[in-house]
Amino acid sequence: MYDTIIIGAGMSGLAAGIRLAYFDRKVCIVERHNTVGGLNSFYRLGGRDYDVGLHAITNFTERGAKRGPLARLLRQLRFRWEDFALAPQRESAVVFPGVTLRFGNQGALLESEVARAFPREVDGYRRLIEQLVDYDDLETDQFTHSARERIEAFIGDPLLREMLLCPLMWYGNAREHDMDWGQFCIMFRSIFLEGLARPHRGVRLILKNLVRRYREVGGELRLRAGVARMAVEQGRVTGVVLDSGERLEGRHVLSSAGWVETMRLCGPERSLPTDRAGRLSFVETMSVLDRRPERIGHGRTIVFFNDSPRFHWRKPEDELCDPRTGVICSPDNFEYGDTADAAAGGMIRITTLANYDRWSSLDDDAYRRQKMRWFDRIAESAVRFMPDYRRHVVATDMFTPKTIHRFTRHENGTVYGSPTKQLDGRTHLSNLYICGTDQGYVGIVGAIMSGISIANRHLLRDGSA
Amino acid sequence: MTAAEIREEILDILSDIAPDEDLSGLEDGVAFRDQLELDSMDFLDIVMELRKRHRIQIPEEDYGALASMASTVEYLTPRMKDMERA
């Protein structure tokens, strides 16, 4: 009998598992896939390392910082700052037609860019920051207000509003077109005020640390152990039944499978329309270059681009992808210092919006053909906003909504999950909770904080053992 | 444990929870909250570390007693007087 069974060995499940096992709870994480990470994973192909998910870790604070989500999660999991080996970004940019706003890990750069490109808006911009710095994550009644409406009160120029929304939506907005005010505040602080960083070895370093710590404190991890359904008796979950038919008993179950996905595990009577799981999915192209991107004149860490004054954040209905907007991530362009091998090649990753239904309904041949076709179209779109890197490409790979679904089992291949978040982590069953993307925090730091906070709030109180 | 040993134990817990804090100048009569960068999650960890290390159950209504070092030691002394320091 376990104290808690955790479904999913992604960032949130592992973080929750560490908290619980550290405080002597008997914990088992069950993961359907043959590896950990969920949405944030990694693989090796043709002798090269690839990351899935991670572009950059948000909420960066320097060593010794005591405030902010990063410092908090390190304390909660008993990690040292050095364990994550975070290298800060160089400089990133939001690029719209005719206007570029640069930003870095000091909020001052973006503020000066706003003052330069939108001189009449800078006072409003400062007032907006004052407002969102004070936003309390726990004010749940304000969370779902329209961010678009709220920021109109501060920023008059629609172009600046779109340019500020673009990176924040790209890095964590499950809602189409608009964004929850709470999510906007959290994302604004994590990206524009705190900033971006990455371990040189990528997401694998973070995952390895989490797994190592989890095992050290006595947690049990079972891979290739998919959950077929919850065992429910008289309004309580009593455990899970695995695909193999094996039954695990637990006093509590914490699911990071997603809200719709978790409800489905509770039985057909709890099933929800799959659209409730969210509609936004992505493709990402990965190009290995024969040289570092800075050698072709590309020194920026992340570029968020949009090719018209209006930012379109919707599922593409008529096409497989919508490359009008995208994110160009250059994992080489972080300040790694001596750890990086300057002679090595480089990598360019480009993400655009995609339609899960269309990608998943293609037969194998068409799927391969469409991947090649869109790989080229996406590159073509991106080189309008960065130097043309295409003749330096030596290897490529690409993931689609179908890939995301295969790794995460998230309906519709969503990355940011359902537009409706379950901030308190509760479900209709008193001892079944959810964490991860659908609880409300997104990104790597967000997912880890989600696991920690739900474990603290519901599973570590006295009497819950 | 004596009151002095309990104080040492609390310092040990604090240095575990907040390795970056300098605890040498901690004033016993002043609330932790006013001199350390600890949030509510960290306070919960003091309670849970006490439980993990010493099997002491602190009911939620008593959390207020853990506001400062002086009040924490005072609260814990009768509860820990028969324990040995590990």
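Colleague: What distance separates the centres of domain 2 and domain 3 of chain A, taken over C-alpha atoms?

Modeller: This is a predicted model, where local features need pLDDT of at least 70, side-chain atom pairs count only at pLDDT 80 or more, and totals for chains, interfaces and linings use all residues. Residues are numbered from 1 along each chain as written, chains are lettered from A in the order written, and side-chain values use heavy atoms, without hydrogens and water. By an automatic or database domain assignment, domain 2 of chain A covers 105-191 and domain 3 covers 279-408. Taken over C-alpha atoms, their centres are separated by 25 Å.

Colleague: Which residue forms a salt bridge with A:R279?

Modeller: A salt bridge is a side-chain nitrogen of Lys or Arg within 4 Å of a carboxyl oxygen of Asp or Glu, and the rule finds 2 of them across the interface of domain 2 and domain 3 of chain A. With closest N and O atoms 2.7 Å apart, the partner of A:R279 is A:E176.

Colleague: How much area do chain B and chain A bury between them?

Modeller: The contact (heavy atoms within 4.5 Å) takes 20 residues from chain B and 21 residues from chain A. Buried area is the accessible area (1.4 Å probe) that two parts lose on being put together, summed over both. Carbon and sulfur atoms give 44% of the area here, and the total is about 1,900 Å².

Colleague: Which residue meets B:K52 in a salt bridge?

Modeller: Across the interface of chain B and chain A the rule finds 10 salt bridges. At 3.6 Å, N to O, the side chain of B:K52 meets that of A:D24.
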